[in-house]
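Hi everyone, thanks for coming. Let me put the model on the screen, and then I'll walk you through a couple of spots.

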Amino acid sequence: MLSIQKTVHRDGRLAAGDPRLRSYEGVLPGFSVRQLLPEHQKQWLSWLRTQGIDTSAGIPGIHRPAGKQGKVGDDVSNAPPVYSKDQTPAAFLAGEFIRWLGEQEQAAPWFGHISFISPHPPFIVPQPYNTMYDPADGPAFRRAANWQAEAQSHPYLAYDLGLQKRTKFVPGAEGKVRDWSEENFRRIRALYYGMISELDAQLGRIWEALKAAGSWDDTVVVLTSDHAEMMGDHFMLGKGGFFDASYHIPLIVRDPRRTEAAGASIDRFTEAVDVFPTLLDLIGAAPEPHLDGRSLASWLDGEEPADWRDAAHWEFDFRSVADGEAERHFGIGSRDCNLAVLRTEAFKYVHFGGGLPPLLFDLASDPDELSNLAHDPAYLPVRVELAEKMLTWRANHLDQSLALAELTKDGVAGHVSKTAGSRE
């Protein structure tokens, strides 16, 4: 067992040297950890070494094509890594869960949370997934004629396009993401599809383990993600910003006791905050009054809840408290480096802090989000209506008690409110 001494000041705050102040990774109180797998992936690397894999390249080097530990060139390769399909990080985590499941008493209740890194940069996947999809297949990218046109459409897009570096997504690649050719973006997308299929195979192992343990027919399964992936749309990769491509995520809920709507696909707005109240509802626990989301249990029964939301909301902070990069670029303070989105079926409204111009997209005529109508007089009533709805939503949910602090490898940068985490 690894034991870490945790030091706390008398007033309840963490001491300056506490390791929890140097990374956002970790598990919140209330969970018993079976297997950590942070981004450094040391636990996985150790597991690989026991199977005779050379892990001396470390992270991210081991995620490069086998034999290419230096520069990888300008073009994206689908060459596989040194590890096999049975040795991926997803295979490692799935195996740990299956071993843990085998230790549980069959009649005793349990709760398990598995957080897979994949699909995620770096974009590389073993055989056969690396050639499973043809780069020529797939829909057209949602974007303007070139990245310069995207950059001219809004100051934030110009900033974001200038930040994205290829090496974050393909270790060893030089240059910026925006300059990759369409062929390279398509190669990356084919690899990403392969990574999804690799993860699907590991989920299949888990489903089979649940069935073998006699738990499949009395286990609620929720499959979702923390974010989506731009994947070449608007000449971008990764997450963040305001585009749908970065926020349209999967949400699958299976309750074996509820078969009325089994296999149905619900085309309505849900948000990540709905997952927790749904789980409480499914186990018969009373809802907590402070929760922002709503239970999805009625949908599982084939019933539409009354007064369901008609829009999705999200926020994104692009502040950089530690080094002040975004703040210097825009000439605004950390509190202003944020955007908020209200997305209805017909429109998307994006509000920026710091005086940056707003965005308004008519999604019926412009599903690719290319034409900003925020300053079109004909759309002024729509903009005002959505801005008022957003103001109401933000008034209900805004809390910036931790907004001016950032955890770094050197500790906390910025300021932490003494009342952070407390709510009336």
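The buried residues of helix α1 are covered by, among others, α2 (58-61) and α3 (89-101), with contact meaning heavy atoms within 4.5 Å. This is a predicted model, so local features need pLDDT of at least 70, side-chain atom pairs count only at pLDDT 80 or more, and totals for chains, interfaces and linings use all residues. Residues are numbered from 1 along each chain as its sequence is written, and side-chain values use heavy atoms, leaving out hydrogens and water.

Which residues of α1 (42-49) are buried? They include W44, L45 and L48; buried is under 20% relative accessible area with a 1.4 Å probe, protein chains only. Seen down the axis of α1, its buried residues fall within an arc of 100°, so they line one face of the helix. That arc is taken from the directions from helix axis to C-beta atoms. Helices (H or I, at least four residues) and strands (E, at least two) are DSSP runs, numbered from the N terminus.

Now the sheet. Four strands form an open antiparallel sheet, in the order β3-β4-β5-β6; two strands pair if DSSP finds at least two bridges between them. At the edges sit β3 (311-317) and β6 (359-362), each pairing on one side only. β3 pairs with β4 (338-344) over 7 bridges, and W314 has V341 in β4 as its bridge partner.

Finally, H313 lies in strand β3. Leaving aside residues up to four places away in sequence, H313 touches E271, V341, L342 and W393. Happy to take questions!

How values were computed:
Buried < 20%, exposed > 50% of the residue type's maximum accessible area, 1.4 Å probe, protein only.
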